[in-house]
Amino acid sequence: MTDMPATALSDSPESPECVHFVDDWDGILHETYGGDSDRAVLDCARRLAADPAGEGAYAWTLGLVMMAAHIGRFSRKDVAAAALEALHATDRRLREAPCAHRTHPYESDLDDRIDHFVDDLPLLTNGLTEDEDPDWEDDATKEQWLCPRDIAGYARVAVDIIAPGSVGGIPPRLPVRDARRAEDLRSIVWDYPSAAVDPGQELSAYARNLVANPLGYHRAGLVVVLHAACWYAASGRIRDRRVLDTMVDALEAVLPGLGDASCGHGEGDHPEVGRDTAEQATVGIHLLSPGGRGVYRQWHREELETAPLEAWLCPAFLAAIAREALDHLRTGRERLFGLRDTAHLDGALVRPDGRLDIERLTHALRFRCRDGQAAQDAGLWAARRFAAGPADPRERLVLLLVACWSVTSAEEAPPEAVHRDLRAILGAVRTGPAAGPCPHDAHPWEMLAELAGRRHFGLHEDPYGAHLNHLYAPGEYDTPEPPFDPEAWSCPRHVAGRVREALRIIDGAH
């Protein structure tokens, strides 16, 4: 074989040609390059294709490795094709070259090394050995880096990054696109979605893929991902019912193929799921590709406490977690989007004499941090009772204020199951401008909000609940500070402001 890259160090102290380009390649790697990336890729690919086994092949090959993730994601098809053609040519020419090395750098974790390419590439042929070169910090020798088989190996690594799964003879590697997917999924289940991530779109995409092929290679990974995300999806963070519908459809589609699967695994042999959903989502993404599964096998060999790959792929295990996720999603869908029943609260919030148990009603709102659904139900119950038209004007006022409070005191708008009725009831309240001037300098809720903003109130010191209790039943509850006249509470401007604020929050979230 001719035109091999040097396996011994060059005696020339001159800088290699790649030093003129390595900063550009590094900028493309880290997405900071301000020039024409496709032009830089084509230039490197053409130089490699012109002499795929020459002295400079190491530089152009490693340059394409640095740019491979960008090529696979952003480059035009003709640009990617040119890079792949050059890399395949180098691999064909060099992979069978004689070699006495037991290991090569390409066999190690690329992520641990690629950030150092920008510094190490110019040093490979600077005429200094590793011991003589104060800037060389890599644990492999320069001769190992320049070995033809190493260059061929890195050519295959670059090919696999650009076109995942299209080449063998390299260490298993999670495809770049899947690494991004895992990062996005972790941000979702951590409840801190990345700025560019739409959780509903992400989860719907996984669900649609499973619906399209419930018996395919990706089945295990998709079931694991949907199980990891089902708690988030049913938490109320996602406001589009179609997302939950699609996830339910996917799990319903996969279960017949799993059937009444049984296995030979003993108790505790299946993976533990549900605790660390971010880790589970990451495993699910790894199950989607041969490279990801290979990486997981390495994890299992290094971390004995992890479950073996075969346990994640077990049909009985997949059936069990699919059923669990399906039950959770169905229950959550009904809670979030179904008809919310509040009739059971009649016995709890109405006393035998027909009057409100106002303290219980306000208690549910005051303690919403402990039971958010109970607070939502109490607010909806108050709105429905208001709409039914109780005769007592004071009760009507208090019910309306409680219904508004249930919306405005929450960190986010209520789910559709609650907001549908609240929107209809509050939207029917007349909030037009009141005739004549308002005699009040400030209204009760505004003053209480200002007071609450100046100091922290404990749960039992909540000013809103104490004032509403006294407003409804002044003979049963002490007058809280500061006191307000009933006319200030019922002022049309005050009531209209509360209703408009509640509607603004509801409409802003849907």
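Leave aside the neighbours within four places in sequence, and leucine 226 is in contact with Leu203, Tyr206, Ala207, Leu210, Met247, Ala250 and Leu251, where contact means heavy atoms within 4.5 Å. This is a predicted model, so to speak of local features takes pLDDT of at least 70 and side-chain atom pairs count only at pLDDT 80 or more, while totals for chains, interfaces and linings use all residues. Residues are numbered from 1 along each chain as its sequence is written, and side-chain values use heavy atoms, with hydrogens and water left out.

Along with Leu203, Met247, Ile285, Trp312, Leu318 and Leu329, Leu226 is among the residues with the most contacts inside the largest nonpolar core, which has 54 residues. Such a core is a set of buried Ala, Val, Leu, Ile, Met, Phe, Trp, Tyr and Cys residues joined through side-chain atoms within 4.5 Å; buried means under 20% relative accessible area, exposed over 50%, and partly exposed in between, with a 1.4 Å probe and protein chains only. The elements giving it two or more residues include α10 (199-212), α11 (219-233), α12 (241-258) and α16 (315-337). Helices here are DSSP runs (H or I, at least four residues), numbered from the N terminus. There is also a second, separate core of 53 residues, with Val41, Val157, Ala158 and Val167 among its members.

Now for the rings. The whole structure holds 15 aromatic pairs; rings of Phe, Tyr and Trp (its six-membered ring) pair if their centres lie within 6.5 Å, and planes under 30 degrees apart count as stacked, over 60 as edge-to-face and the rest as tilted. Tryptophan 405 and tryptophan 445 are edge-to-face because their planes are at 70°, with ring centres 6.1 Å apart. Since tryptophan 405 lies in α20 (residues 393-408) and tryptophan 445 in α22 (residues 444-454), the pair ties together parts 40 residues apart in sequence. Both are buried, Trp405 at 4% and Trp445 at 6% relative accessibility.

Phenylalanine 484 and tryptophan 489 make another edge-to-face pair, 5.9 Å centre to centre with 85° between the planes. Phe484 is buried at 16%, and Trp489 is buried at 2%. Tyr464 is itself one of the buried residues of α23, a mostly covered helix (residues 463-472) with nine of its 10 residues buried.

Finally, two arginines. The charged end of arginine 293 sits over the ring of tyrosine 217, 3.9 Å from its centre, and arginine 396 does likewise over phenylalanine 386 at 4.3 Å. The test is NZ of Lys or CZ of Arg within 6 Å of the ring centre and within 35 degrees of the ring normal.
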